Every structure is written in C-alpha cells, then in structure tokens.
Amino acid sequence: MRMTARSTTTSSATQIRRLVASGTLIAAAMLTTRVAAAQATTGASVTSAARVGAARDSADAMATFRENIAAIHTRNKPRYLATYVHTPQLVRHSPTALETGYEGWPAITESAWPDTLIVKEMRVVPVAPGVVYGYYRYIGVPAPGDTLTGVSTRVFVRTPVGMRITVTASWNDAPPVTKR
C-alpha cells in the first residue's frame, strides 16, 4: 500500500500527541521534522485548510496561555488549574525534576504566587494539528527585593473542552558571573 503525505501527517500527528503527552518533546520535534521532510519529497503542499487549522490552534493556544498568566496575576487557583489537562499525561519540568500527572501536583494544594510576574516575548508555534508549543520570558518577583528572570514553556493540546496545557516547564536564568 502506498502511503500519501496526508496519511503520513495524520498518523504522525497522532504519534506526536502521544509523544508530547508522555513528555518526549525531542522525539516529537524529530518526528515533526521527519513529516516535513516526507511532505517535501512527495511534493505535498500545505493546504488552505491546514493553514486555517494551524492559525486556529495558535489563536486558541494563545488565548489559553493568556488565561493562564491572568490567573497567576489574580492568584486565582481554579482559573489557573483549569488551563491544564487533568490527566496522568500532564508533564511538569523544572531544573530539578521531571514529573508527570495532575494528581499530586503541588500547585493543586500550595498557594505560592509570585509577588509580581512580568511576561515578555510570549509566542506560540503550531507543531502539528491540535498541538502548539509556546514560550515566554519572564521577570518574576517571588518576594519583595528578590528578582528572577527566566523562560517558561508550554505545550498545548486540543481537548474536547479546548486547548489545554499538557507540558509545562520553567527555568530561571543563571545568575550573572561576577569577575574578581
């Protein structure tokens, strides 16, 4: 059976969702690259419907992203948690750990909010149908007199209730090196 570029894309999109849901972002990026290469060699072009779908996914992911940040600004935990998938496939990545699952996530029970959060360079990029990668740079003030800068990333997936975050990661920038 001959596989067309369209069926490769559909099959790969499902694979990407599974990889992203399991936290295998590098593998998802590699698979996306493989799909693009297969489409290029078969002469497949991006259809108008695919562009519209990617634009819709991006707009919906950006709306969820903004909702997530607004919930942080207002310290509204139910609103904040509503932007995430409530499944074992939620992936939380920090400089010290890679954890999975919604149940047991400290954000559910803790009430730590930054004193101030300034978001810069917020962007989203469609990865596959129904999957969008997003990032922003931040300046955070966890407590008066303590300022942190860094990068926060998200992977959004389309669910029956809209775009939700399935992967969340955040890293503070390294402190500047002082010369002696």
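Aspartate 60 and arginine 56 both lie in helix H3, 4 residues apart, or about one turn of the helix, where helices (H or I, at least four residues) and strands (E, at least two) are DSSP runs numbered from the N terminus. The model is a predicted one, in which local features need pLDDT of at least 70 and side-chain atom pairs count only at pLDDT 80 or more, whereas totals for chains, interfaces and linings use all residues. Residues are numbered from 1 along each chain as its sequence is written, and side-chain values use heavy atoms, with hydrogens and water left out.

The side chains of aspartate 60 and arginine 56 meet in a salt bridge of 3.7 Å, N to O, a salt bridge being a side-chain nitrogen of Lys or Arg within 4 Å of a carboxyl oxygen of Asp or Glu. Arginine 56 counts as exposed at 51% relative accessibility, while aspartate 60, with a relative accessible area of 25%, is partly exposed; here buried means under 20% relative accessible area, exposed over 50%, and partly exposed in between (1.4 Å probe, protein chains only). A salt bridge of 2.9 Å, N to O, is also formed by the side chains of arginine 158 and aspartate 57. Because arginine 158 lies in strand S5 and aspartate 57 in helix H3, this pair ties together parts that are 101 residues apart in sequence. Aspartate 57 is buried, with a relative accessible area of 7%, whereas arginine 158 is partly exposed at 26%.

Glutamate 67 forms a salt bridge with arginine 79, the closest N and O atoms being 2.6 Å apart. This pair links distant parts of the chain, with glutamate 67 in helix H3 and arginine 79 in helix H4, 12 residues apart. Both residues are partly exposed, glutamate 67 with a relative accessible area of 31% and arginine 79 at 28% relative accessibility. Salt bridges that share partners join Arg56, Asp57, Asp60 and Arg158 into one network, and a search of the whole structure finds 6 salt bridges.

Strand S5 (residues 146–159), which holds arginine 158, pairs in the antiparallel sense with strand S4 (residues 131–143) over 11 bridges, two strands being paired if DSSP finds at least two bridges between them. Valine 131 stands opposite valine 157 in S5, and S4 and S5 form a hairpin with 2 residues between them, glycine 145 in the turn having a positive phi of about 90°. Strand S5 is likewise joined by 10 bridges to strand S6 (residues 162–172), again running antiparallel, and a hairpin through 2 residues connects S5 to S6.

The structure holds 8 aromatic pairs, defined as rings of Phe, Tyr and Trp (its six-membered ring) with centres within 6.5 Å, where planes under 30 degrees apart count as stacked, over 60 as edge-to-face and the rest as tilted. Tyrosine 80 and tryptophan 105 form a tilted pair, with 6.2 Å centre to centre and 35° between the planes. Tyrosine 80 lies in helix H4 (residues 77–81) and tryptophan 105 in the loop between strand S2 (98–100) and helix H5 (106–109), so the pair ties together parts that are 25 residues apart in sequence. Both tyrosine 80 and tryptophan 105 are buried, and Tyr80, Tyr84, Tyr102, Trp105 and Trp113 form one aromatic cluster.
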